[in-house]
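Here is a short report on one protein chain. Look at the sequence and the fold first, then read on.

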Amino acid sequence: KSSKNPISGIKSQIRDYAEMKEEEIAQLKKMERYRKEFLANISHELKTPIFATQGFILTLLDGAVNDKTVRDRFLKKAAKSLNALNILVEDLLTVSKIEAGEISMDFEVFDIQIMIVDVLEQVEQKAEKKNITVSLEVPNDDPIYVNADYNRLKQVVINLVVNGIKYNEKGGWVNVILQVHDNLVTLMVKDNGMGIPLEDQNRIFERFYRVEKSRTKKQGGSGLGLAICKHILEQHNTSITLQSEAEVGSTFSFDLNLVQDTEYENSEF
Ligand code: ADP
């Protein structure tokens, strides 16, 4: 017969609690480390454009202000640094809101091709500056309906295309490809840029992580773009995959469920 000894029962309960506490403490410590690291990263990232702006202003005060050409050049540089600072702060807010679960997606049904045309229009100037061809490849003229947050999904595709432009040589290309399978659409952003070495491929979706090579090339950007993409796609129940080879190029892709035409027509969207 198994008669339970109440004392040993209590002892094992105490042991359980102690273990639970240890786990909780470990978890809290991990979160604390994470928070400190995040803050250290933020301060570092914020200081870069602040110091740059300060430098330009001090140079102007030092006498550069008297020479019109130099003055204009430094004022432009200062404005550019402040713009970078602004983007960084906005991206930081987006990341922390998404991570805290404070951003809800605004789902609606739309033709993803229309959104991509919208994206292409927005990146046109950036691409032209580097003489990069950005093109769209679609299966046919039929609309491709998805149920997604238009603006946030557009942000994802803009981030991917802009990266394809930034991490590319002059005269390169970025191709946005849509492929329709049974009930899925795959969106790919493919470039023939500098590529991402294998050892960095898992890490570039972490906040502030940059491949050394692009860091030294001093490309503008918050280092948060891909972290934001990953979060937004998670909210769409999908994930981003990456195929890349250094010096050859990169392809970022994700799937979305298709909304069938008939479904769309019969629904109240
Ligand atoms: P940012 O571009 O602001 O640095 P992202 O989060 O968008 O931040 O990207 C993180 C890093 O991933 C970049 O710094 C770059 O090293 C690398 N990366 C992203 N997209 C590409 C690409 N298409 N080709 C090569 N490297 C890329």
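## The whole chain

This is a predicted model. The secondary structure comes to eight helices and seven strands. How does the radius of gyration of the chain stand against that of a compact globule of 269 residues? The globule would have a value near 18 Å, but the chain has 24 Å. The C-alpha trace gives another view: along its principal axes, the trace spans about 95 × 60 × 40 Å.

How much of the chain counts as buried? The share is 38% of the 269 residues. The chain exposes about 17400 Å². Carbon and sulfur atoms supply 51% of that area.

Contacts tell how the sequence folds back on itself.

## Charges and salt bridges

The chain carries 34 positive and 41 negative side chains. The centres of these two sets lie 12 Å apart. How many salt bridges does the structure hold? There are seven.

| Salt bridge | Distance, N to O |
|---|---|
| Glu-32 and Arg-35 | 3.1 Å |
| Asp-72 and Arg-71 | 3.9 Å |
| Arg-203 and Glu-206 | 2.9 Å |

Start with Glu-32 and Arg-35. Where do they sit? Both are in helix α1, which covers residues 6–61. They are three residues apart, so about one helical turn separates them. Glu-32 is partly exposed, with a relative accessible area of 33%. Arg-35 is partly exposed too, at 44%.

Next come Arg-71 and Asp-72. Their side chains meet in a salt bridge. Which residues are linked with them in a network of salt bridges? The network joins Lys-68, Arg-71 and Asp-72. Asp-72 is partly exposed, with 29% relative accessibility. Arg-71 has a relative accessible area of 28% and is also partly exposed.

The last pair in the table is Arg-203 and Glu-206. Arg-203 counts as partly exposed at 37%. Glu-206 counts as partly exposed at 35%.

## Two loop residues with positive phi

Asn-131 is not a glycine, yet it has a positive phi of about 55°. Where is Asn-131 placed? It lies in the loop between α3 (112–129) and β2 (133–137). Asn-131 is exposed, with a relative accessible area of 56%.

Phe-208 also has a positive phi without being a glycine; its value is about 70°. Phe-208 lies in the loop between α5 (198–201) and α6 (212–216). Is Phe-208 buried or exposed? It is buried, with a relative accessible area of 6%.

Asn-131 is exposed, whereas Phe-208 is buried.

Thr-53 takes us back to helix α1. Thr-53 has 7% relative accessibility, so it counts as buried, a label for values under 20%. What does Thr-53 touch, not counting residues up to four places away in sequence? The answer is Ala-78, Ser-81 and Leu-82.

Leu-75 is found in helix α2, residues 68–99. At 44% relative accessibility, Leu-75 counts as partly exposed. Leu-75 and Thr-53 are 22 residues apart in sequence. In space, 9.1 Å lies between their C-alpha atoms.

## Asp-111

Asp-111 has its place in strand β1, residues 107–111. Asp-111 counts as buried, with 13% relative accessibility. Which residues is Asp-111 in contact with, leaving aside its neighbours within four places in sequence? They are Pro-143, Ile-144 and Tyr-145.

Now compare Asp-111 with Thr-241. These two are 130 residues apart along the chain. Their C-alpha atoms are separated by 22 Å.

Methods: Residues are numbered from 1 along each chain as its sequence is written. This is a predicted model: local features need pLDDT of at least 70, side-chain atom pairs count only at pLDDT 80 or more; totals for chains, interfaces and linings use all residues. Side-chain values use heavy atoms; hydrogens and water are left out. Helices (H or I, at least four residues) and strands (E, at least two) are DSSP runs, numbered from the N terminus. The radius of gyration is taken over C-alpha atoms; the globule rule is 2.2 Å times the number of residues to the power 0.38. Buried means under 20% relative accessible area, exposed over 50%, partly exposed in between (1.4 Å probe, protein chains only). Accessible areas come from the Shrake-Rupley method with a 1.4 Å probe; for residues, only the protein chains shown count as cover. Lys and Arg count as positive and Asp and Glu as negative; His and the chain ends are not counted. The place of a charge is taken as NZ of Lys, CZ of Arg, CG of Asp or CD of Glu. A salt bridge is a side-chain nitrogen of Lys or Arg within 4 Å of a carboxyl oxygen of Asp or Glu. Contact means heavy atoms within 4.5 Å.
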